[in-house]
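Reader: I am new to this structure. Can you show me how to read its features, one at a time?
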Amino acid sequence: MPDLVTLKSKVTPEIAAEKYNMDVHFRVREILTDVRIPYEWHIILFNKISQNYLQDYDLVINHNNTSFLYKRPEAQKMVSYVHFPRKARGISNAVSIHRPNGPKKKWYHFRSDAFKLSSLAYRFDTAVDPEERYLANSEYTKQVLLDHYDLPSDQIEVLYPPVGINGEMGSAKKDESLIITLGRFSPEKRQLEQLKIARKLPQLNFKIMGFLSNQDYFRRCIDYLNDHQIKNAELMPNLPYDTLMKILDRAGLFLHSLQNEPFGITTVEAISHGCIPIVPDSGGQKEIVPIEELRYGSSSEAVKLIAKAAKKSEEEKDRLRNHLFEGIRQFETPNFEEQFNNLLNQVLK
C-alpha cells in the first residue's frame with residue numbers, strides 16, 4: 001500500500017474513492033501540520049524535511065514540481081511527474097507566469113516569498129539525477145523543464161493528465177449564442193478580460209462560471225459588470241456539478257483566458273461536451289486546440305475569433321467539433337493508465 005507523504009492533507013481514501021468512483025487504498029503520512037511561514041518557503045521546507053522520511057522507500061513518485069533537495073539512495077527508484085517546474089515560477093520576475101506583463105515580484109511579498117529568498121534559492125537548483133525518470137504533463141511543460149535543467153530530452157516523457165471523456169461527444173441541442181467560461185475566480189483566470197470581451201459582443205450571451213476563491217477579485221468583476229451595465233454576461237460562482245454539466249451541454253462556444261496554461265483540463269472537458277473552444281495561443285492549449293483559427297494572442301483578437309466562430313455554418317461547426325473531439329481522445333483515462341503502467345514496469349524491472 002503506498003504512502004501519501006505530504007506537509008498536510010485533507011485527502012482520505014474514502015474521499016478519493018467517492019470523487020473518482022474507484023476503490024483506492026493508501027495511507028496519508030503528514031510530516032508537518034502547520035508552519036506559519038511564506039507559501040514558497042513551505043515548498044522548500046517540505047522538500048528539505050522529506051529527505052528524512054523517504055530514504056526507506058523503494059519507489060518515490062514526486063508530484064510537487066521541484067527537486068527533493070536530497071540525494072537518492074542508490075537502490076531507490078524515482079519518477080517525477082511535473083505539472084510545471086517550480087523553478088520556472090520561482091525565478092520569474094512576474095508574480096504570476098500567467099500574467100507575464102502583470103505585477104512584478106517585490107521584496108515585501110511577505111505572504112508568498114519575503115525578501116525573494118526562495119526565488120534566489122531556485123537559481124542554485126541545478127542538480128539532476130541521471131537515473132530519475134521525468135514525466136511532463138504536456139510538450140510545453142517538457143520544453144520549460146529542458147530550458148531550466150540540464151536534462152537530455154529522452155529522459156523526459158510526456159504523459160497527458162487523464163480526463164474523463166465519454167465514449168461519444170455530447171449530443172444536446174446547442175444554443176449557438178451561448179458562450180461559457182470555466183475557471184477559479186482569480187486574476188490569473190482573467191474573468192475581467194472575459195467581461196470586457198462580452199461587452200464588445202452584445203449579440204452573444206456569456207456565462208462565467210467557476211469556484212469562488214478570491215472575494216476581492218470577484219467583487220471587482222461584479223463592479224465592472226454593473227458599472228458598464230453589461231446585460232449579456234452573468235457571473236455564476238460555485239455552481240452544483242449537475243447544473244454546470246447541463247450548461248456545458250447547451251453552450252455552443254467555450255472561452256479560456258489563462259495564459260501559459262501548462263495543460264488545460266477544462267478545455268478538454270468543454271470539447272467533450274461539444275463546445276467550440278477559443279483559447280490563448282500559448283502553453284499546453286496549443287496541443288489541445290491545434291487549429292490556429294481558434295487561438296488568439298490578444299483580447300481584441302479573441303473578440304474577432306469568437307464573432308467569426310459564432311457565424312460559421314452548422315456544417316462547419318460540426319466539422320470542427322468532430323475534429324476536436326477526435327483529437328482529445330488521446331487524453332482519455334485508459335491511455336494514461338496504460339502509459340503510466342508501462343513506465344512503472346520499465347522503472348521497476
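Author: Start with one cut-off: buried means under 20% relative accessible area, exposed over 50%, and partly exposed in between. Keep in mind that this is a predicted model. Now take Arg86. Its relative accessible area is 14%, so Arg86 is buried.

Reader: Which residue forms a salt bridge with Arg86?
Author: A salt bridge pairs a side-chain nitrogen of Lys or Arg with a carboxyl oxygen of Asp or Glu, within 4 Å. Arg86 has Glu40 as its partner, and their closest N and O atoms are 2.5 Å apart. The pair links distant parts of the chain: Arg86 sits in helix H4, Glu40 in helix H2, and 46 residues separate them. Glu40 counts as buried too, at 11% relative accessibility.

Reader: How many salt bridges does the structure hold?
Author: The structure holds 11. Arg27 and Asp3 make one of them, with their side chains meeting at 2.7 Å, N to O. This pair also links distant parts of the chain: Arg27 is in strand S2 (residues 27-30) and Asp3 is in strand S1, 24 residues apart.

Reader: Is Arg27 buried or partly exposed?
Author: Arg27 counts as partly exposed, at 44% relative accessibility. Asp3 counts as partly exposed as well, at 24%.

Reader: What about the salt bridge of Lys207?
Author: The side chain of Lys207 meets that of Glu234 at 3.0 Å, N to O. Lys207 lies in strand S8 (residues 205-210) and Glu234 in strand S9, 27 residues apart, so again distant parts of the chain are linked. Here the partners fall on two sides of the cut-off. Lys207 counts as buried at 18%, whereas Glu234 is partly exposed with a relative accessible area of 37%.

Reader: Which residues line the largest cavity?
Author: Thr181, Leu182, Gly183, Lys189, Gln191, Gln194, His256, Ser257 and Leu258 line it. Strand S7 (175-182) and helix H8 (191-199) each supply at least two residues of this lining. By class, the lining has two nonpolar residues, six polar and one charged.

Reader: And how much space lies in the second largest pocket?
Author: A pocket, unlike a cavity, is an open set of points. About 1800 Å³ of space lies in the second largest pocket. The pocket is lined by 41 residues, and the closest to its centre are Asp3, Leu4, Phe26, Ile61 and His63.

Reader: What lies in the loop between helix H4 (86-91) and H5?
Author: Gly102 is found there. Gly102 is partly exposed, with a relative accessible area of 23%. C-alpha to C-alpha, Gly102 and Pro240 are 32 Å apart in space, and 138 residues apart in sequence.

Reader: Last, the backbone. What is phi of Arg190 near?
Author: Phi of Arg190 is near 60°, a positive value in a residue other than glycine. Arg190 is found in the loop between S7 and H8. Asn238 is not a glycine either, and has a positive phi of about 55°. Asn238 lies in the loop between strand S9 (233-237) and helix H10 (241-250). At 44% relative accessibility, Asn238 counts as partly exposed.

Technical notes. Residues numbered from 1 in each chain as written. Predicted model: local features only at pLDDT ≥ 70, side-chain atom pairs only at ≥ 80, totals over all residues. Heavy atoms only, no water. 1 Å grid on protein atoms, 1.4 Å probe; cavity = no way out; pocket = protein on both sides within 12 Å on 5 of 7 lines; lining within 4 Å. Helix = DSSP H or I, 4+ residues; strand = E, 2+ residues; numbered from the N terminus. Nonpolar A, V, L, I, M, F, W, Y, C, P; charged D, E, K, R; others polar. Points joined across faces, edges and corners; volume = space filled by probe spheres on them. Buried < 20%, exposed > 50% of the residue type's maximum accessible area, 1.4 Å probe, protein only.
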